[in-house]
Amino acid sequence: MATDADRAYQDNLELSKVEYQRREVYLHSHPRCLSLVLGNACNIDCIHCYQAKNGDNLLHPEQVGLGLRRELKAFYPFVSTLRVQGGEVLAMRGFRELVDDLAEVVRRPVLSISTNGTLIDEQWAEQLVRTPFANVTISIDGGTAATYNRLRRGADLHLVLANIERINRWKARLASTRPYLDSFFVVMRSNFREIPQYLDLMAHHQITDVSLLTMEISPENSARVPTLEADESISSRNEVRELHDLLHQALPRFRSRFRMMRMSGLRTLFEAHGLDGDFLCEGEQNLYPDSDDLAAAGFDLCPNPWTTLFLVENGDAHLCFLSQPIGNLYCDSLSHLWNSPRAIAKRCDMIAGRYLASGCSRQYCGWREGKASPARREAVQSPGPLSEIVSTQPSCDHQAPLALVRRLMKEEERKRLASEQLTRDAEARAEKAIRDFYSLNAAFSAYRASWPVKVAHKLSRIAGFGQRRKP
C-alpha cells in the first residue's frame, strides 16, 4: 500500500514532467536528482582531474555541515537520485553520516556514488549491496593497465577490476540487482584507441552503462600538468577523424551489450571539424539524470535545469555539472537557489536556444546553440492534488551556524556592493571633472581665437613695442 511519502514522491515526478513539457521556468516541483561533490580530497592523482586540491569539504567545519545536512534531508523524500562524489567519496569525511541521514527518511534505493574503485574492500562491497545503493559509477580511463595506471597515478586497473567483482559476488550472494554498475571514460589522445578494449572489458565485468566524455581543461589541471592540453587534447583533424571512424565502427557493435551508452562533448568536437555526429545519439543518450520519462524520443530541450541541483565543494550551486553556477549555498538556502533569478534566467535562455548565454559549456553543449524549444503543443494533464508538494518547502534553522555564515556572506556582499558603488561614484566624479576641464579649455581656446581678442592682443603688442622704443 502506498504511503504518504510514496505519493508525495510520485506527485513530484508528475509535476516535474508537467513543468518541463510546459516549459515552466519557476518550478514548484523539487529536484529529481540532487548531486553533491562533498570535497576534492582523493587517494590517487589523475593527471586530468579538473578539481582544485585545496581540501574544501561541504560538511566541514562540522557545525556548518550539520546545518547543510538538515537542509538536504528536506529534499530527500522527493529525489529519485542522491548522487555523491568527490574527490574519492569512500575516503571523504562526512559521507557515512550522509548515508545515515538518507536512511532515516527514504527507503527507496536512491543513493548513487562516483568512485575510482580503489577502496572497495569486502566491507564496502557488502554495504553497497545490502543498503542497497542505486548506482555505483567507476571511473576507468583505459582499456589496458599500462594506460590506466599512467593516467590515474596511484591506482591499479587489476585491483579496481577485482573490487568490481567483489560487488558482483555480493549481488549474486544476496540475489540483488542493485547497485547497477556503470563507468565513465574520459577520452584523451593517449587512450582513445583503447575504447573498444575498454568497452569489451566493461561488458565482461557486468557494467550496465558506460559514458564517454571529452577531457575538460581547467586552470587546476593545467597548473598541475602544464603540458596536459598539448599532450592529451584531441585537436588535430587527423586525430579527430580517426576517433570519429573508430566510434562509428565500435558503437554499433557494443550498444546491445549495455543498457545505455552516453556521450558528451564528442558531437561538438566532430561538428567543429565538419564531421557528422548524429550517430552518437548525444541528444537522446547524454548525461540526463532521472529524465527517461520526460521525452518519448530525443531531448530537443536539455532537461537538466528542470531535474537537477548540483552542489560542489566550494558551495557553488549548478543546474547541471557542465554549466556555470546559479548561486552559492553559503549565500542562499537550497530552496531559494532552485528558483533563484539566475536559475530562472538560465531556463528562459535555454528555451530560447541561448545555451551559451545561459552558462552552458561550449565544449559539451555547443551543438545545441540556437535550437529553441517552445512548449509542447499537446495538452498536459495536471498530476492531481499537489498540496503536499507545493506546501512542503524545505526550510533551514535560522539559528544554525550555516544561517550565520549566510548572514555574514550577505553582509560582505552588501559591503562589496556599497564599495563598488562608491568606486563608481568616484569614477563618475573624476570623469565629470575631466569633461569639465576639456570643456573649459575648449571654451578658452574659442575665446582666444575670436577676432576681438586677436585685435586686442595685437594692439597690446604694438603698444608694448612702442613703449620699449622710447628713450
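This note goes through a pocket, a strand residue and several salt bridges in a predicted model.

1. The second largest pocket has a volume of about 650 Å³, and its lining is made up of 27 residues. Those that lie nearest the centre of this pocket are Y50, E216, H318, F321 and S323. Sorted by class, the lining holds 11 nonpolar, 11 polar and 5 charged residues. Among the elements that contribute, α8 (219-224), β11 (316-318) and α15 (362-365) each supply at least two residues of the lining.

2. S35 is part of strand β1, which covers residues 33-37. With a relative accessibility of 4%, S35 counts as buried, because the cut-off for that class is under 20%. When neighbours within four places in sequence are left aside, the residues in contact with S35 are R83, L309, F310 and L311.

3. The structure holds 18 salt bridges, one of which joins the side chains of D45 and R153 at 2.9 Å, taken from N to O. D45 belongs to strand β2 (residues 45-46) and R153 to strand β6 (residues 152-153), so this pair ties together parts that are 108 residues apart in sequence.

4. R150 sits in helix α5 (residues 145-151) and E232 in helix α9 (residues 228-232), so the pair connects parts that lie 82 residues apart in sequence. As for accessibility, R150 counts as partly exposed at 39%, whereas E232 is buried, with a relative accessible area of 5%.

5. R189 and E239 also form a salt bridge, in which the closest N and O atoms are 3.0 Å apart. This pair links distant parts of the chain, 50 residues apart, since R189 lies in the loop between β7 (180-187) and α7 (195-204) while E239 lies in helix α10 (residues 237-254). R189 is partly exposed, with a relative accessible area of 22%, and E239 is buried at 14%.

Conventions:
Residues numbered from 1 in each chain as written. Predicted model: local features only at pLDDT ≥ 70, side-chain atom pairs only at ≥ 80, totals over all residues. Heavy atoms only, no water. 1 Å grid on protein atoms, 1.4 Å probe; cavity = no way out; pocket = protein on both sides within 12 Å on 5 of 7 lines; lining within 4 Å. Points joined across faces, edges and corners; volume = space filled by probe spheres on them. Helix = DSSP H or I, 4+ residues; strand = E, 2+ residues; numbered from the N terminus. Nonpolar A, V, L, I, M, F, W, Y, C, P; charged D, E, K, R; others polar. Buried < 20%, exposed > 50% of the residue type's maximum accessible area, 1.4 Å probe, protein only. Contact = heavy atoms within 4.5 Å. Salt bridge = Lys/Arg side-chain N within 4 Å of Asp/Glu carboxyl O.
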